[in-house]
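Here is a short note for a colleague opening this entry for the first time. Please keep the structure in view while reading.

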Amino acid sequence: MTDIYSLTPAAAEEYFARHGFSAKAVRNIFTDLYRNGAEHFSAFSATCARLRETLEEEFYFESITLADILQNENTVKYLFKLSDGCFIETVLMKQKYGGSVCISTQCGCNMGCAFCSSGRLRKQRNLTAGEMVLQVLYAMRHGGVKITNITVMGIGEPLDNFDNLCGFLDIASHPFGLEIGSKHITVSTCGIVPKIPLLAKRENPCHLAISLHAPDDELRNRLMPINRSYSLSEVIKAAGQYADTAARKVLVEYIMLDGINDSREQAGQLAGLIGNSRLMVNLIPYNSSPDGEFKRSGERAVAEFYDELKKRGISVTKRKEFGGRLNAACGQLRSDAMRK
Ligand code: SF4
């Protein structure tokens with residue numbers, strides 16, 4: 001049996017053509033699923049009876065259950081329990097222009113970044129494309145805002161779950177599916193270099209974010225073990241090539257850690273690395289967890305770092321905070337649930 005939410009439009013066309021169904025019949029399946037919001041086959045109204053029977057024999061509906069929720073006026077943080085008992089987090093940010101959903105791609109993460117709550121609990125498994133789709137669908141149906149953007153930046157390393165990520169992107173960006181244009185989707189990676197050109201070559205590529213967090217290899221080796229496999233210069237080169245090949249934005253994400261990576265000198269080093277490439281830097285305030293060893297940088301350090309990058313001609317922004325209890329680090333709700 002196949003989860004209907006993991007079915008891409010292209011795979012559906014191929015599968016149902018083999019079973020003697022028309023392209024219009026496939027369109028009706030997706031209309032029922034994503035436009036009409038049907039959650040079982042008996043509620044499929046656009047789809048004919050013979051096709052419904054085929055669907056019932058070969059497909060099922062995966063589900064996710066809300067286990068906890070934190071929210072303020074512009075942010076909702078969901079903790080979902082999956083059908084096998086694993087937990088994941090999803091965040092909805094409500095902006096003036098619409099909602100942006102940040103989804104998880106794995107239960108836990110094996111990348112082991114020193115500052116990350118998710119990395120402290122090892123990966124249990126990859127999420128399916130359907131489980132990624134369901135996170136967005138939940139926010140679409142319960143978030144009270146039109147979803148206009150998706151960021152793939154939650155728990156897990158998306159490029160370590162590449163095939164399912166691609167299935168999700170196909171469904172998310174397709175007019176039959178979630179209908180979020182690929183220019184409104186950003187995938188974030190800690191720097192799995194060999195997968196970056198594969199992502200760039202996809203039809204309708206999305207934007208890319210690279211989690212850099214250090215301006216030299218010695219510090220990055222300490223903060224992000226992946227750097228021992230793919231060095232800073234390899235990551236920056238792959239990021240620049242992505243911007244050229246995919247003609248999409250590439251953001252360099254830089255979490256500001258007090259006394260670790262936030263000096264003026266380090267801003268200069270970072271500017272030197274970026275050079276005159278088209279990469280843009282996004283400075284991110286750190287959300288500390290109770291069991292973590294790092295602290296967020298002070299406002300003055302962030303301002304000086306920002307000014308230094310600007311002075312050196314680097315395009316730089318500071319990420320907006322969402323405030324209150326929601327500042328809990330990514331992965332912390334999941335860690336708490338697993339401890340319980
Ligand atoms: S920061 Fe991202 S890649 Fe690193 S451990 Fe956390 S979830 Fe994994």
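Predicted model: local features only at pLDDT ≥ 70, side-chain atom pairs only at ≥ 80, totals over all residues.

1. Domains. The chain splits into domain 1 (2-60) and domain 2 (64-339). Their centres, taken over C-alpha atoms, are 33 Å apart.

2. Where the domains meet. How many residues of domain 1 are in contact with domain 2? There are 10, and they meet 13 residues of domain 2. On the domain 1 side, α1 (9-18) and α2 are the elements that give two or more residues. The largest share of that side comes from α2, with 3 residues. By type, the domain 1 side holds 5 nonpolar, 3 polar and 2 charged residues.

3. The core. The largest nonpolar core has 96 residues. V133, V136, A239 and V281 have the most contacts inside this core. Helix α5 (residues 129-142) gives the largest share, 8 residues. Domain 1 (2-60) and domain 2 (64-339) each supply at least three residues to this core. As background, nonpolar side chains tend to be buried together in soluble globular proteins.

4. V281 up close. Which residues does V281 contact, leaving aside its neighbours within four places in sequence? They are V252, Y254, L270, I274, L309, I314, S315 and V316.

5. The α10 and α11 pair. Helix α10 (residues 264-274) and helix α11 (residues 299-311) have axes that come within 9 Å. The axes cross at roughly 35°, and the crossing is right-handed. By type, the contact divides into 5 nonpolar, 1 polar and 3 charged residues.

6. R27. This residue lies in helix α2 (residues 23-35). Why does R27 count as partly exposed? R27 has 17 C-beta neighbours inside 10 Å. A residue needs 20 or more to be buried, and 12 or fewer to be exposed, so R27 falls in between. For a sense of distance, compare R27 with L219: the two are 192 residues apart in sequence and 51 Å apart in space, C-alpha to C-alpha.

Terms used: Residues numbered from 1 in each chain as written. Core = buried A, V, L, I, M, F, W, Y, C linked by C-beta atoms within 7 Å. Helix = DSSP H or I, 4+ residues; strand = E, 2+ residues; numbered from the N terminus. Domains from an automatic or database assignment. Contact = placed C-beta atoms within 7 Å. Nonpolar A, V, L, I, M, F, W, Y, C, P; charged D, E, K, R; others polar. Axes fitted to C-alpha atoms, helices over the stretch in contact; angles between N-to-C directions. Left-handed = near helix turned anticlockwise from the far one by under 90°.
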